[in-house]
Amino acid sequence: MALFKKKEKQDYSGLVLPEHIGIIMDGNGRWAKSRMLPRSAGHRAGAKVFRTITRYCSDIGIKYLTVYAFSTENWRRPADEVSALMRLFKDYLEEALSDFKDDTIVVRFIGDKSQFDDDLRALMVENEEESKDRDGMVLNIAMNYGSRDELVRAVKSISEGVKDGSIDINSIDEKTVSDHLYTAGQPDPDLIIRPSGEYRISNFMLWQAAYTEFVIMNKLWPDFTTDDLDEAIKLFNQRNRRFGGV
């Protein structure tokens, strides 16, 4: 059974495709609650949507996709929900090793991997190693990711560089900071999509999103479709991106 469901590609002639899209995958728990299902059922449904949207972004020519899968704050959730999420992550990564083997998608994990168990960390490393030489879309999966934590780590790394003499303090600029983030070498997201109708950034790519266009959609992540992605890209094309200029 195919991991991703395909549909006929949208005609994007005359439209500008975002080079980098970020998605805050929000609403799994509320989706499950509205159906009187356990929250784990919502996460499983959301994982299916993630697979579909990832494949679609790759197919239409998006170069970078960053998805917010598990934040540094999500550890505060009930222990049974966190355990269910960890099992789901493992199942997905095991499937991805076989399903992605002939694919062009480059898989990367951004965030602090140290808090995950050995099996899950090994699967992350294996997925990254298996895909590192591919030439297609870069998929950043943000796990145990928090942008404030990312910035603290960048500051510490830059400070160590100043301390050992590899970085001149007077040369530190915006690029220096960007080069010490998990997304070093990648363009900032052009578009961030948040399903679920929540109007907040939730500690996601704070530095990188300085001039990102946001699209908020009033539907829960398990209900998100490729048509919704198409609509978000159309809305992105209606924005006048001035980057602080006139």
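This is a predicted model: local features need pLDDT of at least 70, side-chain atom pairs count only at pLDDT 80 or more; totals for chains, interfaces and linings use all residues.
The structure holds ten aromatic pairs. Phe70 and Trp75 form one of the pairs, in an edge-to-face arrangement. Their ring centres lie 4.9 Å apart, with 80 degrees between the planes. Phe70 is buried, at a relative accessible area of 1%. Trp75 is partly exposed, at 27%. The pair of Trp221 and Phe224 is stacked, because the planes meet at 25 degrees and the cut-off for stacking is under 30 degrees. The centres of these two rings are 5.1 Å apart. An aromatic cluster is formed by Tyr68, Tyr145, Tyr182 and Phe204.

The sheet is open and has six strands. Their order is β3-β4-β2-β1-β5-β6, with parallel pairing. β3 (106–110) and β6 (213–217) are the edge strands. Each has a single partner, so one side of each lacks a neighbour in the sheet. From one strand to the next, the twist averages 20 degrees. Within the sheet, β2 (residues 64–71) and β4 (residues 138–145) run parallel and are joined by seven bridges. Tyr68, a member of the aromatic cluster, stands opposite Ala142 in β4.

Ile172 sits in the loop between α5 (147–164) and α6 (174–178). The relative accessible area of Ile172 is 32%, so this residue counts as partly exposed.

How values were computed. Residues are numbered from 1 along each chain as its sequence is written. Side-chain values use heavy atoms; hydrogens and water are left out. Helices (H or I, at least four residues) and strands (E, at least two) are DSSP runs, numbered from the N terminus. Buried means under 20% relative accessible area, exposed over 50%, partly exposed in between (1.4 Å probe, protein chains only). Two strands pair if DSSP finds at least two bridges between them. Axes are lines fitted to C-alpha atoms, for helices over the stretch in contact, and angles run from 0 to 180 degrees between N-to-C directions. Rings of Phe, Tyr and Trp (its six-membered ring) pair if their centres lie within 6.5 Å; planes under 30 degrees apart count as stacked, over 60 as edge-to-face and the rest as tilted.
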